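Subject: Two-chain model, handover and findings

Hello,

Here is the model we talked about passing on. Please look at it first, then read the notes below.

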Amino acid sequence: MTVTQAAVSVGAQAAAPPAPAAPRPKYAGLVTRALAFAVDAAIVDLTGGFVGVVVGLALSVLKTPDEVDKLLLAIGGVLFVLWTISYFVAFWSTTGQTPGNRVMRIRVRRSDSDEPLRMRWALVRLVALALAAIPLLLGFLPILLNERRRGLQDLLGRSVVVHAPLG
Amino acid sequence: MIRAPLLSQGLRLGRRASSAAVDAAGRAALVGLDALLDWRYTDEAVRRVLSSPAADRAVGHALRGPLVDAMARDVARYAVLERVTGELAADQAELERVVGSALESPAVERIAAQVIESRLLDTIVERLLLSEDLWLLVDEIAHSPAVTDAIGQQSIGFADQVAGQVRVRSQRADAGLERVARRVLRRGAADRVTPEREER
């Protein structure tokens with residue numbers, strides 16, 4: 001590169017307009033997130049309940065021993081837990097939006113980028129969500145005090161929840 | 001033999017004279033008619049004749065007689081209606097003017113009001129409601145994609161409106177709850193980004 005070319009290059013870099021700053025994300029607060037979670041809980045519970053009722057009615061015509069009933073109940077419980085985990089993990093790790101989040105126009109994303117969570121972090125987040133609820137919901141308190149409105153599940157799951165308007 | 005040519009010549013002269021006399025009389029009659037039409041009493045005379053019972057009777061006789069049938073035949077034969085409608089259709093502006101003035105006339109309004117108030121309309125509606133075809137038609141329309149789409153759109157629009165309100169209020173509640181929490185925990189107002197602040 002000649003001196004002239006270098007000078008032109010430096011001049012061009014100096015003249016280039018600065019890249020526009022990325023808009024600061026709007027973090028979702030506790031009430032919005034609670035409403036979104038309520039919608040999700042309703043979907044999970046209603047679906048699980050509907051399936052449980054259908055299976056229960058089908059089994060009611062069969063005379064099954066008590067042990068079998070207990071076993072089926074345990075299997076049903078496990079399936080319900082799996083269904084719940086799958087629901088949240090699948091949505092958080094794909095679009096970042098559960099149906100409840102969609103209704104409230106919020107989105108779960110990584111704390112350091114705009115990407116959805118990886119599956120394992122989504123799983124961690126769900127476990128942390130349960131942990132946050134155990135001590136009288138105190139794990140959610142940081143959402144009210146944290147600068148980025150992050151609760152225990154966000155801190156452990158390396159996530160933030162942002163507003164995601166359509167369009 | 002000599003008298004025959006003389007006779008024929010005399011007859012020819014006589015015909016010419018009578019023709020000239022008839023011609024003169026006709027011209028004189030026309031002049032007289034013109035004078036009569038220009039006469040200042042003519043209009044009044046015509047008006048009186050037309051408003052007289054005799055004119056009524058004359059019109060009645062004419063309408064009862066074969067004149068109307070003959071006129072109808074001639075109207076059909078000479079395509080009078082087609083020619084009139086053709087002329088009107090060719091002149092769109094004139095047609096619109098004629099139709100507009102006809103529709104806006106008080107007479108049409110009166111007729112429409114009479115039709116609506118008459119038993120005829122009730123009878124028509126009753127018969128329509130008894131008709132199975134009507135309900136089939138209503139069923140078809142109600143299940144048509146256009147109608148179901150419109151209803152669906154309206155429902156979605158309403159749900160979206162409700163959800164929008166919930167979102168706005170929840171964001172206000174977020175900010176309010178955080179203010180309360182900070183106050184309770186005696187923390188200073190951090191330079192937190194709240195949706196409301198950003199909206200301002």
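H2(A) passes H3(A) in a right-handed crossing. A crossing is right-handed if the near helix is turned clockwise from the far one by less than a right angle, and left-handed if anticlockwise. Helices (H or I, at least four residues) and strands (E, at least two) are DSSP runs, numbered from the N terminus.

Some conventions before the rest. This is a predicted model, where local features need pLDDT of at least 70, side-chain atom pairs count only at pLDDT 80 or more, and totals for chains, interfaces and linings use all residues. Residues are numbered from 1 along each chain as its sequence is written, while chains are lettered from A and ligands numbered from 1 in the order in which they are written.

**Helix packing in chain A**

H2(A) covers residues 30–60 and H3(A) residues 66–94; their axes lie 11 Å apart at an angle of about 155°. That makes H2(A) roughly antiparallel to H3(A). Axes are lines fitted to C-alpha atoms, for helices over the stretch in contact, and angles run from 0 to 180 degrees between N-to-C directions. Angles under 35 degrees count as roughly parallel, over 145 as roughly antiparallel, 65 to 115 as roughly perpendicular, and the rest as oblique.

Which residues meet? From H2(A) come Val44(A), Gly48(A), Gly52(A) and Leu59(A). From H3(A) come Leu72(A), Gly76(A), Phe80(A), Trp83(A), Thr84(A) and Tyr87(A). Contact here means C-beta atoms, placed from the backbone, within 7 Å. By class, this contact has six nonpolar, four polar and no charged residues. The nonpolar class is Ala, Val, Leu, Ile, Met, Phe, Trp, Tyr, Cys and Pro; Asp, Glu, Lys and Arg are charged; the others, Gly among them, are polar.

H3(A) also packs on H5(A), residues 119–133. Their axes come within 9 Å and cross at roughly 130°. That makes H3(A) oblique to H5(A). The crossing is right-handed. On H3(A), the residues are Ile85(A), Phe88(A), Val89(A), Trp92(A) and Ser93(A). On H5(A), they are Met119(A), Ala122(A), Leu123(A), Arg125(A) and Leu126(A). The classes are eight nonpolar, one polar and one charged.

**Chain A overall**

Chain A has seven helices and two strands. Their order along the sequence is α-α-α-α-β-α-α-α-β. Of its 167 residues, 26% count as buried. Buried means 20 or more other C-beta atoms within 10 Å of the residue's own, exposed means 12 or fewer, and partly exposed is in between; C-beta atoms are placed from the backbone. Among contacts in chain A with a separation of 6 or more, 69% join residues 24 or more positions apart.

Three residues deserve a look.

- Val124(A) is in helix H5 of chain A. With 18 other C-beta atoms within 10 Å, Val124(A) is partly exposed. Leaving aside neighbours within four places in sequence, Val124(A) contacts Leu156(A) and Gly157(A). Gln153(A) is 29 residues away from Val124(A) in sequence and 7.8 Å away, C-alpha to C-alpha.
- Arg105(A) has a positive phi, near 55°. Arg105(A) is in the loop between helix H4 (99–104) and strand S1 (106–110). Its 19 C-beta neighbours inside 10 Å make it partly exposed.
- Arg149(A) also has a positive phi, about 55°. Arg149(A) lies in the loop between helix H6 (142–145) and helix H7 (152–157). With 25 C-beta neighbours inside 10 Å, Arg149(A) counts as buried.

For context, most residues other than glycine have a negative phi.

**Chain B and the interface**

Chain B has 11 helices and zero strands. Of its 200 residues, 3% count as buried. The contact between the chains takes 18 residues from chain B and 15 residues from chain A. On the chain B side, H10(B) (145–184) and H11(B) (195–199) each supply at least two residues. H10(B) gives the largest share, 11 residues. That side of chain B divides into 10 nonpolar, two polar and six charged.

**Confidence**

The model scores ipTM 0.77 and pTM 0.54. pLDDT is the predictor's confidence in each residue, from 0 to 100. Chain B has a mean of 84, with 92% of its residues at 70 or more. Within chain B, H10(B) is highest at 89 and H11(B) lowest at a mean of 46. Residues 195–200 of chain B stay under 50, and the model has 10 contacts for them beyond four places in sequence. Where pLDDT is low, the predicted coordinates should not be read in detail.

Best wishes

Definitions and conventions
Two residues are in contact if their C-beta atoms, placed from the backbone, lie within 7 Å.
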